[in-house]
Amino acid sequence: MAETVMRAAGIEAGYGRVQVLWGAGLDVREKESVVLLGANGAGKTTLLKVIVGLLPAWNGTVALPPQDVTTWRTDRRVRRGMAYMSEIGVFTGLSIDENLRVGGQFIEKSALKRRMEELYGDFPDLAKRRTTLAGALSGGQRKMLGIAKALASSPRLLVMDEPSAGLSPLFVSQVIEVLSRFRAEGLAMLIAEQNIAFLDLADRVFTLDGGRIRFEGTVAELEADDALNKAYFGLA
Ligand code: ATP
């Protein structure tokens, strides 16, 4: 069995006195691509924030095995190989180049330089416009920059919050195409989505419903479950 890259277990968390997550847990294995599927408001963003350390867990644990990182700050988790792309993903007031430097701020300078050139090779459209402000890019290009920025730290695990947010179907398929290339290279990914097109990327799926994990399995197993099939694919 492949090594576990990240495991969250029994997570309870929320905002103020409002509890959003009720014992949610999931894990990502080496080279595995996991999709966290859930409707609007199911708690996907909240769970990702706990995993990356932007929101404290009231209960439960987050591990980057062999370390328990539950109390670690986000920057320490990033240094241990986790990268996060939020729904917004980039700093619009910074250039493409500057965004990549922010993404790679925790790695050594010469390694970052090499990494940026690699990424410019992977994203030629960004390479042509290094000094352009991220805010001047189209939605699709901005998302590509968000992915490149998150990859600048050469993570072992890329955690993404709704990469489809705000994108037209054409750009959604371009994002899926780019992510499938990194998946083929063995990058472990955790993708929170409500767009089922992302299931094309999934080795395993978790569904989140009312702050609880309802299903864990393969896409084929999800499709075989009548109630879930109806909920997520809208099929009778
Ligand atoms: P979305 O697709 O809208 O991002 P989601 O599955 O990511 O949905 P969350 O953003 O985690 O869901 O939100 C879960 C619940 O927590 C929602 O009821 C939301 O209103 C609430 N919530 C989110 N952020 C806050 C906040 N900062 N303060 C209070 N409640 C919040």
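**Note on the predicted model**

1. The mean positions of the 29 positive and 28 negative charges of the protein chain are 7 Å apart. Lys and Arg count as positive and Asp and Glu as negative, with His and the chain ends not counted; each charge is placed at NZ of Lys, CZ of Arg, CG of Asp or CD of Glu.

2. This is a predicted model, in which local features need pLDDT of at least 70 and side-chain atom pairs count only at pLDDT 80 or more, while totals for chains, interfaces and linings use all residues. Residues are numbered from 1 along each chain as its sequence is written, and side-chain values use heavy atoms, with hydrogens and water left out.

3. The C-alpha trace spans about 50 × 40 × 40 Å along its principal axes.

4. Nine helices and 10 strands make up the secondary structure of the protein chain; these are DSSP runs (helices: H or I, at least four residues; strands: E, at least two), numbered from the N terminus.

5. Of the 236 residues, 48% count as buried (buried is under 20% relative accessible area, exposed over 50%, partly exposed in between, with a 1.4 Å probe and protein chains only). The largest nonpolar core has 44 residues, and Phe123 and Leu179 have the most contacts inside it. A second, separate core of 30 residues includes Val5, Ala24, Val62 and Val69. Such a core is a set of buried Ala, Val, Leu, Ile, Met, Phe, Trp, Tyr and Cys residues joined through side-chain atoms within 4.5 Å.

6. Leu48 lies in helix 1 (residues 44-52) and, at 0% relative accessibility, counts as buried. Beyond its neighbours within four places in sequence, Leu48 is in contact (heavy atoms within 4.5 Å) with residues including Leu36, Tyr84 and Met160. Met160 is also among the contacts of Leu179, again leaving aside neighbours within four places in sequence.

7. The Pro65 to Pro66 peptide bond is cis, with omega near 10°; Pro66 is found in the loop between strand 4 (59-64) and strand 5 (67-68). Ser154, with phi near 50°, counts as partly exposed at 42% relative accessibility. Glu162 has a positive phi of about 40°, yet counts as buried at 8% relative accessibility. Most residues other than glycine have a negative phi, and most peptide bonds are trans.
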